[in-house]
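This report describes selected features of one protein chain. The sequence and the structure are shown first, and the description follows.

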Amino acid sequence: MNIKPIEEIRAFLEKYAAPMGIEIVDVEFDKRSEALTVFIETADGVDLDTCEKFHNAIMEPIDELDPSLGAPYTLNVSSPGLDRPFKSKRDFERNLQKEVEVKLFAPLKGKKFLDGVLTEFDENSITLKTGKEEIKLSLNKIAKINKAIKFD
């Protein structure tokens, strides 16, 4: 199935998201299930009511956009999840000075997993404070980085 470019769909949805205080984190189309999924975030987090409100707000306008070029599809609105990997500059900005978990492609000092506070980032690297040590890591050495999940 052919679809419109994801960036076009995302840009279209932004004008509905912004007034609602919603940030579009990602847009994905699964060709197997023919599902268009919009992942959203708010300053206060995302709950089922937020997903439902945004779904209802975009349901008719997105049909007019016709993202699937006339083919049937299912529209889903979802939270990106607590442990989702960082994909955008905004993900890194949102998590500056917060605890993160980093999985490396290859071990560094015998470790493939690092925990620490994200203190800096740029387009090529991050700086992670682990205890008293600061480690600068090239992004191409990182398999996954996500917010640290702590259960009390």
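## Terms and model

Helices and strands are runs assigned by DSSP, a helix having at least four residues and a strand at least two, and both are numbered from the N terminus. The structure is a predicted model.

## Two residues with positive phi

Most residues other than glycine have a negative phi. Asp66, which is found in the loop between helix 2 and strand 3, has a positive phi of about 60 degrees although it is not a glycine. Its relative accessible area is 28%, so Asp66 is partly exposed.

Glu34 is not a glycine either, and its phi is positive at about 55 degrees. This residue lies in the loop between strand 1 and strand 2. Glu34 is partly exposed, with a relative accessible area of 32%.

An open sheet is formed by three strands in the order 1-2-3, with mixed pairing. Strand 1 (23-30) and strand 3 (74-78) stand at the edges; each has a single partner strand, so one side of each is left without a neighbour in the sheet. From one strand to the next, the twist averages 20 degrees.

Strand 1 and strand 2 (residues 35-41) run antiparallel and are joined by seven bridges. In this pairing, Glu23 stands opposite Glu41 of strand 2. Helix 2 (residues 48-65) packs on the sheet and touches strand 1, strand 2 and strand 3. The direction of helix 2 makes about 145 degrees with that of strand 3.

## Helix 1 and its two faces

Helix 1 (residues 6-17) lies across strand 1 and strand 2 and runs at about 140 degrees to strand 1. The helix has twelve residues and reaches 16 Å from its first C-alpha to its last, close to the 16 Å expected at 1.5 Å a residue.

Which residues of helix 1 are buried? They are Ile9, Arg10, Phe12, Leu13 and Ala17. Seen down the axis of helix 1, the buried residues fall within an arc of 165 degrees, so they line one face of the helix. These buried residues pack against strand 1, strand 2 and helix 2. The face turned away from the buried side carries the exposed residues Glu7 and Lys15.

## Aromatic pairs

A pair of aromatic rings is described by the distance of the centres and the angle of the planes. A search of the whole structure finds three aromatic pairs. In one of them, the rings of Phe86 and Phe92 have centres 5.3 Å apart and planes at 80 degrees; planes over 60 degrees apart count as edge-to-face, so this pair is edge-to-face.

Both Phe86 and Phe92 are buried. Ring pairs link these two residues and Phe121 into a cluster.

Leu114 is found in strand 5 (residues 111-121). With a relative accessible area of 8%, Leu114 is buried. Leaving aside residues up to four places away in sequence, Leu114 touches Val100, Glu101, Val102, Leu104, Leu108, Leu128 and Leu137. Leu114 and Val27 are 87 residues apart in sequence, and their C-alpha atoms are 29 Å apart in space.

Thr130 has its place in strand 6 (residues 125-130). Buried means under 20% relative accessible area, so Thr130, at 19%, counts as buried. Not counting residues up to four places away in sequence, Thr130 touches Asp115, Gly116 and Ile135.

How values were computed
Residues are numbered from 1 along each chain as its sequence is written. This is a predicted model: local features need pLDDT of at least 70, side-chain atom pairs count only at pLDDT 80 or more; totals for chains, interfaces and linings use all residues. Side-chain values use heavy atoms; hydrogens and water are left out. Rings of Phe, Tyr and Trp (its six-membered ring) pair if their centres lie within 6.5 Å; planes under 30 degrees apart count as stacked, over 60 as edge-to-face and the rest as tilted. Buried means under 20% relative accessible area, exposed over 50%, partly exposed in between (1.4 Å probe, protein chains only). Contact means heavy atoms within 4.5 Å. Two strands pair if DSSP finds at least two bridges between them. Axes are lines fitted to C-alpha atoms, for helices over the stretch in contact, and angles run from 0 to 180 degrees between N-to-C directions. The expected span of a helix is 1.5 Å times one less than its number of residues. The arc is that of the directions from the helix axis to the C-beta atoms.
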